[in-house]
Each structure stands twice: as structure tokens, then as C-alpha cells.
Amino acid sequence: MNIRKLAWKNLFRRKSRAVFTGLGIFLGIGTFVALASLTAQMEQAVQDKLDRFGANILITPRTEQLSLGFGDISLGGTQVAHSRLTAADEKAIHGIEMKERLRSVVPFFLTAADASGKNLVWMGVPATEIAAARPWWKISGSPIREKGEVLLGSEAAVALEKGPGGTVVSGGRAFRVAGVLHPTGEKEDGMVIAALGDVRSVAGNPGGVTFFEVAALCKDCPVEDIVAQIGGALPGARVSAIRQVVESRKAAVDQFRRLGIGVSAIVLAIGGLMVFVTVMGSVQERTREIGVLRAVGFRRKAILSLLFWETGWISLLSSASGALAGLAAALLVAPHFGVEQASVATSPALLGVAIGMGLGLLGTIPPARRAAALSPTEAIRSL
Amino acid sequence: MDAFIRLENVTMLYGNNGTSAVALREVSFSVGAGEYVAITGESGAGKSTLLAILGGLQVPSSGAVLMKGVDLSSLPADGLADFRRETIGFIFQAYHLLPYLTARENVMVPMSPLRTSAREKAGRADTLLASVGLSGKEERLPSELSGGECQRVAIARALVHDPPVLLADEPTGNLDSSTGEQILDLFSGLHKSGKTVLMVTHNRANLFRATRSIRLQDGKVAEDDPLMAPRQAL
């Protein structure tokens with residue numbers, strides 16, 4: 001017989017009380033772990049979805065503004081490109097150190113060319129990348145599926161008086177209109193969008209690239225580092241983060257994280273209170289025997305040790321089972337909250353067990369101290 | 001006989017805010033080593049309070065209690081606990097056994113904080129249970145034992161540290177006369193083995209076994225008769 005065994009035996013004697021005390025911890029920690037795990041997964045899901053929503057880095061040729069004039073007479077200015085981007089640059093971009101953070105690198109090629117007798121801007125983009133590069137586009141008809149098809153911006157469709165199924169002719173070549181974009185309010189509204197190879201052939205510029213759009217995975221948003229590495233790989237290019245996109249994503253994720261922390265904190269506070277009250281009641285009931293133990297020579301430290309072992313056992317068992325239940329609950333409900341690939345988040349579970357133990361032991365301090373300070377006679381009288 | 005226990009003007013007041021009740025009034029007496037003292041008195045005379053003060057369970061409002069030359073009021077709470085463990089064995093009227101522990105485990109409880117091996121503790125408990133006639137009942141819970149057997153377990157528990165002093169508060173109060181006699185036989189045996197016994201009792205038969213009787217009345221020592229005077233004492 002030692003203090004630990006005495007505590008363990010007492011738990012078995014008061015099974016219902018032990019279960020009730022443990023239930024408070026179980027529910028508190030279970031809810032905390034479920035919420036923390038779910039919000040962590042949801043945060044990741046939101047992050048992934050935001051990352052999929054367009055690019056956050058733009059790569060254009062480095063240009064210089066030249067002012068044109070003679071003496072005091074100004075004739076405006078022009079931009080002079082120091083170098084041009086080429087298809088080969090894509091390989092260089094994929095060769096940077098943080099290449100695993102690059103979700104997509106999409107080359108765009110722009111040119112002004114004839115379209116059924118009207119001079120319009122043609123935008124070439126790999127047909128397979130359009131959905132990823134412009135996920136917000138809404139199309140009447142269908143997207144480009146193969147070479148020889150075009151999408152018309154809403155204004156271009158009006159100017160050409162063409163719709164899905166129509167034909168646009170350029171350089172003696174006919175392109176089928178696969179679909180028409182809904183108005184976007186952007187420059188695309190006046191453009192003809194086609195597969196990259198088609199636009200390059202219309203312009204007679206095979207391998208030409210006007211700019212690259214890069215979608216970098218924004219977890220922890222190391223965009224500046226990625227920008228610097230791409231800049232190093234393409235010294236003739238101007239690489240810039242689309243700051244608004246980066247900041248808004250960070251803000252959205254931070255907001256979600258704060259919500260998760262706030263809800264978890266409230267649940268934890270309520271759980272903590274439950275633990276405190278139940279442990280307090282349990283220890284209070286336990287004080288009846290403390291007089292006897294004091295009378296037979298238990299020191300205060302031994303009484304404290306006994307009570308801490310009791311709540312320690314309960315806290316460990318119930319917080320561990322609560323954490324497991326919380327993880328299971330999070331896994332079960334995660335798909336209903338937009339998490340496509342639910343996973344086991346061990347950090348919230350471990351934190352939950354630690355918090356459960358902490359709350360249980362913390363809740364024991366005031367009643368245990370009172371019990372230890374109780375006069376043996378007073379305690380014995382209550383028996 | 002040298003004083004083993006000495007009370008000097010012990011007064012105990014209960015209550016506060018001006019509504020105090022006096023449990024003991026300037027009680028003074030000495031007890032020599034190996035004495036068997038029966039403490040008697042009517043209900044409310046202060047017997048149990050006296051026993052609690054003697055055992056260091058309660059601190060008197062004034063006065064001093066010296067045991068083996070140690071002033072109990074000078075000891076801190078843990079010092080008193082150590083002193084109780086080493087010097088005093090308590091036996092209560094209601095046994096106060098822990099209901100979820102077997103007889104053996106109940107006897108082992110006072111040894112719980114010690115670092116002695118479990119086998120050694122169990123061996124000591126079994127020896128003591130055998131000495132009070134409970135061989136073969138070591139594994140029984142208090143609910144499976146009779147009142148007399150429970151009190152025997154409580155006596156074995158009180159003896160676990162081999163204390164020189166036994167304080168018993170109405171140890172036969174919950175027992176029938178025949179079982180009570182058996183318990184008193186045990187006390188007589190312990191007294192003969194050299195223990196100092198102080199017993200609060202209403203049991204007339206017990207007064208004949210004691211070597212001294214102290215009668216309390218209204219918190220004062222009304223009689224202190226080493227020659228025994230059971231009729232007056234009751």
C-alpha cells in the first residue's frame with residue numbers, strides 16, 4: 001500500500017463520482033480537440049482554396065521609360081524592354097530553391113492581330129491552364145478544349161457580332177468560338193482568348209511570352225522569398241508580388257485562425273470551469289477521510305499527494321480519451337466543413353491532454369490545500 | 001512514576017465573536033508511562049476534546065501539553081503529524097476504517113507515505129492482524145467484518161508504528177457487551193505489554209481494568225482517582 005495505490009483504490013470505490021469528474025474533463029478536452037483540429041484543417045483547406053484562386057506573383061520583362069522630345073518640346077514617352085521573356089524561362093522558374101511552393105507557372109502571350117476584319121488583342125494561354133489561371137471566369141458556351149478554338153470577351157463578342165459556335169478568321173485561318181466570357185470589368189472583355197500556340201502562330205512568334213503568372217502556395221506566405229529567387233533566376237525580368245492578393249489571403253486566413261482560437265478558448269474556459277467544479281466537489285467529499293489519515297500520521301504533503309494522484313489519474317484518463325474522441329469527431333465532421341482530405345492533427349490532441357492534466361491539477365489546488373489544512377478533529381467529526 | 005504526559009492549565013474554548021463555549025477549563029494532570037487511565041464524565045464534559053488535545057489533533061486555547069517532554073503546542077502541523085505517527089495510536093468509537101480497503105490494507109494505511117517495500121508493509125499488517133485475532137480475514141473488506149472485528153482492525157492499525165501511547169475514544173461504544181469485553185481484553189493485554197492507555201469510556205467494566213480514573217465535569221477534573229472508584233466515577 002502506498003499513496004498511489006490508495007488514490008487508485010479510492011477511484012474505483014467512487015466509480016460514479018470519478019466518472020462524473022472525468023466526464024467534465026472528457027467533454028471539455030474532447031470539444032477543444034475537435035474544434036482545434038477542425039479549425040486547423042479548415043484553415044489549411046481555406047488556404048489551399050485561396051492558393052488555387054489565381055496567381056500572386058507576376059513576371060514581366062524589365063522595361064525602362066524613355067522620354068521622347070526635342071529641346072523643350074515633349075513628345076511623350078515610351079517603354080523600352082531590355083529583354084524579352086521566352087518559353088525557356090519557365091524552366092528557370094521551376095528551378096528555384098523553393099520550387100515546391102510553386103503551384104503553377106502560366107505563360108501568357110499578348111499580340112494585336114486581325115480578327116474577322118477588326119484589330120483586337122489576342123491573349124494566348126495554355127488551354128489546360130485557363131481554368132486554374134482564371135477560375136472566376138464565367139463562360140457562355142464551353143471553355144477552349146483544343147487548338148483552333150477561341151473564347152471571346154464580352155465586348156469583343158459584341159464588336160465581332162459572334163457567339164458560341166461562330167467563327168473568327170485571322171491570317172486566313174478560321175477559329176471556332178467555343179464560348180463568350182461574361183463581363184469581368186477587366187481588359188479581357190475586349191480580347192480574343194485562344195490557346196497559346198494558336199496566338200503565337202497568329203503573331204508569327206513561336207516561343208514568345210509576354211508575362212508569366214505564378215501561383216505560389218501561400219502557407220506562411222513566403223512570397224517575398226519566392227520573388228527574390230525568381231528574380232535571381234531571371235535577371236532580365238521584373239518579378240513582383242501582387243501585394244493585394246497576398247495580403248488579402250493572409251488576412252482571410254488570419255481571420256479564420258483568430259475565429260478558431262476564440263471559439264476554442266471559450267470552449268476551453270467552459271470545460272475548465274466544469275473540471276474545476278467537479279474536481280472541487282470530488283475533493284470536498286474526500287475531505288471526510290482526511291481527518292482519519294491525518295490522525296494516523298499523514299503529513300500535509302502526503303494528503304496533497306494523495307489528492308493530486310487521484311485527480312491526476314482521472315485527468316490523464318479522461319483527457320486522453322477526450323482527445324481521442326475529439327480527433328475522431330473532427331475526422332468525421334471535417335468533410336462537411338469543406339475539408340477534402342481530413343487528417344489526424346496530433347498537436348491539438350497532445351495540447352488537449354496537457355491542458356486536461358493542467359486543468360485537473362489546477363482545479364485540485366484550492367480544495368486540496370483546504371483539505372490538507374483541515375483540522376483532523378474537524379474532519380473526523382464530519383464522518 | 002515520572003510524568004510521561006503532562007497537561008498544564010489546559011483550556012479549550014469553542015466558537016468566536018463573543019459566543020464561546022468552554023470545553024475544558026484549566027485542566028492539569030500527569031500520566032506516567034504504562035498507566036491505563038479511564039476518562040469518564042457526562043456527555044459534554046469535555047472528554048473527547050481532552051483526548052483530541054492529548055493526541056495533538058487539536059491545539060488548546062491556552063495551557064500546555066507535554067508528552068515525552070515535548071510541548072505539543074511548539075510543533076508545526078507536520079511536526080504534530082510525525083509525532084502522532086511515532087508516539088500515538090488512535091482508536092475511534094466508529095472505527096473509521098476506509099471502506100474500500102481490505103483489513104490488511106487498512107492496517108497498512110499509516111505506512112503508505114513510507115518507502116518501505118509493499119511486502120514488508122503487508123507482513124507487518126498480517127502480524128498485527130494475527131495479534132488481534134484476525135488471522136485469515138486479511139482480505140476482507142470492513143463491510144464483510146463484524147463490529148468487533150472492525151474495531152480489532154482499527155486497533156491493529158493504531159499499533160502499526162508500535163506507539164507507546166494509545167488513545168481510545170469509546171472503543172466499545174458501538175459493540176455488544178460480549179464483543180466489548182473481548183476488545184477490552186485486548187486493551188488490557190496491550191497495557192500489560194507496556195503501552196500507556198488513555199480511554200474515554202462509559203463502560204463500567206472498563207473502569208475495573210484501568211489503573212486510574214479521571215472524571216471530568218463541566219470541563220474540569222472533578223475526580224482523579226488512581227485507586228479506582230468506579231461507582232463515583234460513573
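Colleague: How many salt bridges does the structure hold over all chains, and what makes a pair of residues a salt bridge?

Modeller: Over all chains the structure holds 18 salt bridges, a salt bridge being a side-chain nitrogen of Lys or Arg within 4 Å of a carboxyl oxygen of Asp or Glu. This is a predicted model, in which local features need pLDDT of at least 70 and side-chain atom pairs count only at pLDDT 80 or more, whereas totals for chains, interfaces and linings use all residues. Residues are numbered from 1 along each chain as its sequence is written, chains are lettered from A and ligands numbered from 1 in the order in which they are written, and side-chain values use heavy atoms, with hydrogens and water left out.

Colleague: Why is the pair of Glu105(B) and Lys5(A) called a salt bridge?

Modeller: The N to O distance between their side chains is 3.9 Å, which is within 4 Å, so the pair meets the rule. The pair crosses between chains, from helix 3 (residues 103-108) of chain B, where Glu105(B) lies, to helix 1 of chain A, where Lys5(A) lies; helices here are DSSP runs of H or I with at least four residues, strands are runs of E with at least two, and both are numbered from the N terminus.

Colleague: What links Lys5(A), Lys9(A) and Glu105(B)?

Modeller: These residues are linked in a network of salt bridges. Glu105(B) also forms a salt bridge with Lys9(A), the closest N and O atoms being 2.8 Å apart, and that pair likewise runs from helix 3 of chain B to helix 1 of chain A.

Colleague: How do you know whether Glu105(B) is buried or exposed?

Modeller: Buried means under 20% relative accessible area, exposed means over 50%, and partly exposed lies in between (1.4 Å probe, protein chains only). Glu105(B) has 8%, so it is buried, whereas Lys5(A) at 39% counts as partly exposed, as does Lys9(A) at 24%.

Colleague: What makes the salt bridge of Glu213(A) and Arg134(A) a tie between separate parts of the sequence?

Modeller: The side chains of Glu213(A) and Arg134(A) meet at 2.7 Å, N to O. Glu213(A) lies in strand 13 (residues 211-216) of chain A and Arg134(A) in the loop between helix 4 (130-133) and strand 7 (139-141), so the pair ties together parts that are 79 residues apart in sequence. Both Glu213(A) and Arg134(A) are buried.

Colleague: How many residues does the contact take from chain A and from chain B?

Modeller: With contact meaning heavy atoms within 4.5 Å, there are 26 residues from chain A and 26 residues from chain B. The area buried between the chains, that is, the accessible area (1.4 Å probe) that two parts lose on being put together, summed over both, is about 2,300 Å², and carbon and sulfur atoms give 62% of this. Met1(A), Val296(A) and Arg299(A) supply 27% of the area that chain A buries against chain B, more than any other three residues.

Colleague: How many salt bridges does the rule find across the interface of chain A and chain B?

Modeller: The rule finds three, and one of the salt bridges joins the side chains of Arg299(A) and Asp82(B) at 3.4 Å, N to O. Helix 1 (3-13), helix 8 (243-295), helix 9 (300-333) and helix 11 (376-381) of chain A each supply at least two residues of the side that touches chain B.

Colleague: Why is Lys195(B) called buried?

Modeller: Its relative accessibility is 9%, so Lys195(B) falls under the 20% cut-off. Lys195(B) sits in the loop between helix 6 (177-192) and strand 8 (196-200) of chain B. Leaving aside neighbours within four places in sequence, its contacts include Gly34(B), Glu35(B), Leu159(B) and Pro163(B).

Colleague: What makes the approach of Lys195(B) to Pro163(B) a polar contact?

Modeller: A polar contact is a pair of N or O atoms within 3.5 Å; within protein, one must be able to donate a hydrogen and the other to accept it, and residues adjacent in sequence count only if both atoms are side-chain atoms. The backbone oxygen of Pro163(B) lies 2.9 Å from a polar atom of the side chain of Lys195(B), so the distance is within that limit.
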